[in-house]
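Please keep the sequence and the coordinates open while reading.

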Amino acid sequence: MADLPSIQGEQSADVCVIGGGYTGLSTAIHLRQLGYSVIVLEANKVGWGASGRNGGHVGTGQRAEQGELEKMLGLEHARALWDLGLEAVDTVCELIEKHNIDCELKHGNLHVASKAREVAGLREEVEHLSNTYGYQQIRYVDQQELAEMTSGQGFHGATLDTGARHLHPLKYALGMARAAQELGATIYEGSRVLSYTEGEQVLVKTDRGQVRARYLVLACNGYLEKLEPRTAGRIMPINNYMLATEPLSEELARRLIRDDTSMSDSLFVIDYWKLSQDRRLLFGGGESYTRRFPKDIGNFVRKYMLRIYPELADTHIDYGWGGTLAITMNRMPDFGRLSASVFYAHGYSGHGVPTATLAGKLLAEVINGSAERFDIMASVPSPTFPGGTLLRWPGLVAGMLFYSLRDRLG
Ligand SMILES: Cc1cc2nc3c(=O)[nH]c(=O)nc-3n(C[C@H](O)[C@H](O)[C@H](O)COP(=O)(O)OP(=O)(O)OC[C@H]3O[C@@H](n4cnc5c(N)ncnc54)[C@H](O)[C@@H]3O)c2cc1C
């Protein structure tokens, strides 16, 4: 996509959206479909954030497990969240189909148990989703069948969810941007919002221009920084890393993932992987919690890949990259309103491909006066990280190191 201009001077719109990732672009698409004029302000380029750098897994349900949600919120609320989780995947597929987005959409995720004691939990999950939610697209795969589906090491069983999808993340983001523009949204790149004021109208300022709007949507996720201190304490930016191998032979690629599904494991610092269209292994693993990325990201992620696929020891790593996402304390996203005119959604905790897409739809609905479905998400409690906006890092880092140590010790 050619560079888009940055904003100059004063513009006005019904809604100003800050952030050109899935949340902001989906909001723009859905608002345009309802007839609202929209200006999207993106500090860098469309898809520059996590939306252009992620693993492309489009999981069903919510990031938190249904059993946890039932305990936290009761069955009725948990069921509404499950339904929205499935609608999120459908919304991704509908956008791709309706707007002809060529982003390599495929079916299925194989989620493996990294520890023997987790097998019973996977079996129970399959039964629970079938009995309580009528979801039949997930099944348990035993160790013997799993060995025919992947040469990956150290797995004790798996679930195969054929309702999940996977895709090329940047192509999806750029396709959404094109769709938003075709529907009449204006997108400015290189337009970092420095501040905004709320009054009868919202006034959103960059260094070279400003937007007057009736409504403002914050869609900055892990890159929010200090723009909105009122929400910042409920999310924690963390960095996650990926590599791409050299293109693999057809035979090797099928040995790694026989059915071309995406794959993920059950470790707290999750490993996730899939094949690209040109048969590279795209492998995500490892996290860090400061602003600095490791110097050689490919090498940093490689050790996680080799733990699972030692046969790739001589395979060249062509690319490595990282991105910043926002997590929450309970791994459920944080949706809400700061006033009658300012709305936000973020903290998808690694489940943002479907959930940020859905967020855009629900943000458009709430701005259009239907709050019911937005509030199913917004009423999930979103605790502030201990230490709040300024002091949350030491606690997070200690917690994360504890859990990643537990991953390694088994
Ligand atoms: C390495 C990695 C792998 C991941 N894998 C998966 C996966 O497989 N499946 C999954 O579901 N999720 C995954 N995620 C998470 C997922 O990518 C995110 O949840 C999702 O992309 C969030 O979209 P977003 O639009 O809210 O945020 P982003 O895509 O991060 O976009 C936010 C945008 O806001 C802009 N911005 C910030 N501040 C300002 C400002 N002041 N003014 C103007 N613009 C601003 C930024 O430049 C950025 O482009 C992964 C994330 C990472 C980093």
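## Basis

The model is predicted: local features need pLDDT of at least 70, side-chain atom pairs count only at pLDDT 80 or more, and totals for chains, interfaces and linings use all residues. Residues are numbered from 1 along each chain as its sequence is written.

## Chain

The chain has 12 helices and 17 strands. Helices (H or I, at least four residues) and strands (E, at least two) are DSSP runs, numbered from the N terminus. The radius of gyration, taken over C-alpha atoms, is 21 Å, close to the 22 Å that the globule rule gives for 410 residues, so the chain is as compact as a globular protein of that length. The rule is 2.2 Å times the number of residues to the power 0.38. Along the principal axes, the C-alpha trace spans about 65 × 45 × 45 Å.

Of the 410 residues, 48% are buried. A residue is buried if 20 or more other C-beta atoms lie within 10 Å of its own, exposed if 12 or fewer, and partly exposed in between, with C-beta atoms placed from the backbone. Among contacts with a separation of 6 or more, 73% join residues 24 or more positions apart; a contact requires C-beta atoms, placed from the backbone, within 7 Å.

## Ligand shell

There are 42 residues around the ligand, and Gly 21, Gly 49, Gly 55, Gly 323 and Gly 352 come nearest. Helix H1 (22–33), strand E11 (236–245), strand E15 (317–327) and helix H10 (352–367) each give two or more residues to this shell.

By class, the shell has 17 nonpolar, 22 polar and 3 charged residues. Ala, Val, Leu, Ile, Met, Phe, Trp, Tyr, Cys and Pro count as nonpolar, Asp, Glu, Lys and Arg as charged, and the others, Gly among them, as polar.

## Helix H6

Helix H6 (residues 169–182) has 14 residues and reaches 20 Å from its first C-alpha to its last, close to the 20 Å expected at 1.5 Å a residue. The expected span is 1.5 Å times one less than the number of residues. Buried residues of H6 include Pro 169, Tyr 172, Leu 174 and Met 176. The buried residues of H6 pack against H1, helix H3 (75–98), strand E7 (186–188) and H10. Just after H6, Gly 184 takes a positive phi of about 110°.

## Two buried residues

Met 176 lies in H6 and counts as buried because 29 other C-beta atoms lie within 10 Å. Beyond four places in sequence, Met 176 is in contact with Tyr 22, Leu 25, Ser 26, Ile 29 and Leu 95.

Leu 31 is in helix H1 and is buried, with 28 other C-beta atoms within 10 Å. Not counting residues up to four places away in sequence, Leu 31 touches Val 15, Tyr 36, Val 38, Ala 364 and Ile 367.

## Positive phi in loops

Most residues other than glycine have a negative phi. Glu 225, not a glycine, has a positive phi of about 50°. Glu 225 is in the loop between strand E10 (209–218) and helix H7 (229–232), and is exposed, with 11 other C-beta atoms within 10 Å.

Asp 260, not a glycine, has a positive phi of about 60°. Asp 260 is in the loop between helix H8 (250–256) and strand E12 (262–265), and counts as partly exposed, with 15 C-beta neighbours inside 10 Å.

Terms used
Near = placed C-beta within 6 Å.
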